[in-house]
Amino acid sequence: MKDYIIVGLGLSGACIARRLEQAGRSFVVFEDDSQHATRVAGGFMNPVVLKRFTLAWNADKQQEVALSFYRELEKDLGRHFLDELEIYRKFTSAEEQNNWFDAADKPKLAPFLDISLRAEVCPQLPGPYSFGKVINTHRMDTTAFLDACLDRLKEGGELIPSRFGYESLEPGEEAVSYQGVKARKIVFCDGFGLKKNPYFSYLPLTGNKGEYIIIKAPGLNLEVGVKSSVFIFPVGNGHYAVGATYNNEDKTPGPSPEAREELVGKLRKLISVDFEVVDQVAGIRPATRDRRPLIGQHPVHKNLFCCNGFG
């Protein structure tokens with residue numbers, strides 16, 4: 001008898017596994033690599049919504065916990081996946097500059113917005129109206145993070161690399177049973193796969209497809225992340241990630257030529273050097289309309305739980 005079954009090992013499932021491990025609980029994780037939202041995410045630990053200069057929901061409280069949580073996990077796993085990365089917002093007008101200063105006057109935003117504007121971040125990315133810096137930002141290499149978590153689970157015999165068939169789950173009063181595995185509780189961290197989960201598919205998970213391109217641009221000397229019409233940030237060896245698109249209609253898992261064309265067109269207006277597209281990735285964000293997560297207990301089956309909707 002296990003204490004928990006976890007279904008899915010994206011950001012949610014990996015963090016729950018960590019907390020259960022810290023609490024001394026026994027568990028197994030079912031993961032079939034069918035959902036890719038975490039692996040293809042930009043991975044920014046950034047408290048500010050840079051489109052509107054607003055604070056993300058509870059971002060100030062979350063940031064207090066997040067940095068220490070991931071640093072401790074890095075140390076415990078013996079792997080590195082979190083780095084400081086300066087993030088700048090490119091202003092397109094004097095009005096945007098004024099909006100930035102107005103936002104920086106608000107008590108909750110003041111700790112995160114630098115009022116000392118920067119005239120240039122690199123010569124190949126012109127910004128006639130300067131750039132504003134977000135304070136205390138980081139970027140997680142989400143692939144390295146998940147790989148480290150997977151290796152830990154494999155070592156502990158807690159990973160079951162298999163598709164979870166919802167139809168084979170047998171809920172009970174005291175425990176659940178699934179193909180010979182029994183546990184007191186089960187937590188679904190199945191990302192956009194929740195839409196096929198008969199126990200929680202009624203929840204308002206909409207899904208939002210996002211795509212990035214990876215470019216090679218040896219002439220671009222950019223060492224920071226920049227948000228403009230697209231987000232661009234360095235990933236090493238003269239390569240940069242550019243994205244991301246937002247598509248509420250397309251739920252196909254693979255990259256699309258339309259997204260590539262959109263990102264390339266916007267990038268050409270942003271930088272002044274040639275580049276080559278070397279890769280393109282896509283994932284369906286498990287998003288909700290109000291951008292709030294979906295966390296809680298099933299209304300009938302009291303040992304079934306959901307932790308999803310992180311976008």
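Visitor: What volume does the largest cavity have?

Guide: About 120 Å³. A cavity here is a set of points, on a 1 Å grid over the protein atoms alone, where a 1.4 Å probe fits but cannot get out, and a volume is the space filled by probe spheres set on the points, joined across faces, edges and corners. Bear in mind that this is a predicted model, where local features need pLDDT of at least 70, side-chain atom pairs count only at pLDDT 80 or more, and totals for chains, interfaces and linings use all residues. Residues are numbered from 1 along each chain as its sequence is written, and side-chain values use heavy atoms, leaving out hydrogens and water.

Visitor: Which element gives the largest share of the lining of that largest cavity?

Guide: That's α1, with four residues. Helices are DSSP runs (H or I, at least four residues), numbered from the N terminus. Lining residues have an atom within 4 Å of a point; among them are A14, E21, C149 and R152.

Visitor: OK, helices now. How do the axes of α1 and α4 cross?

Guide: At roughly 45°, coming within 11 Å; α1 is residues 11-22 and α4 is residues 142-155. Axes are lines fitted to C-alpha atoms over the stretch in contact, with angles from 0 to 180 degrees between N-to-C directions.

Visitor: And which residues make the contact?

Guide: L11, A14, C15 and E21 of α1, with F145, L146, C149 and R152 of α4. Contact means heavy atoms within 4.5 Å.

How values were computed: Helix = DSSP H or I, 4+ residues; strand = E, 2+ residues; numbered from the N terminus. 1 Å grid on protein atoms, 1.4 Å probe; cavity = no way out; pocket = protein on both sides within 12 Å on 5 of 7 lines; lining within 4 Å.
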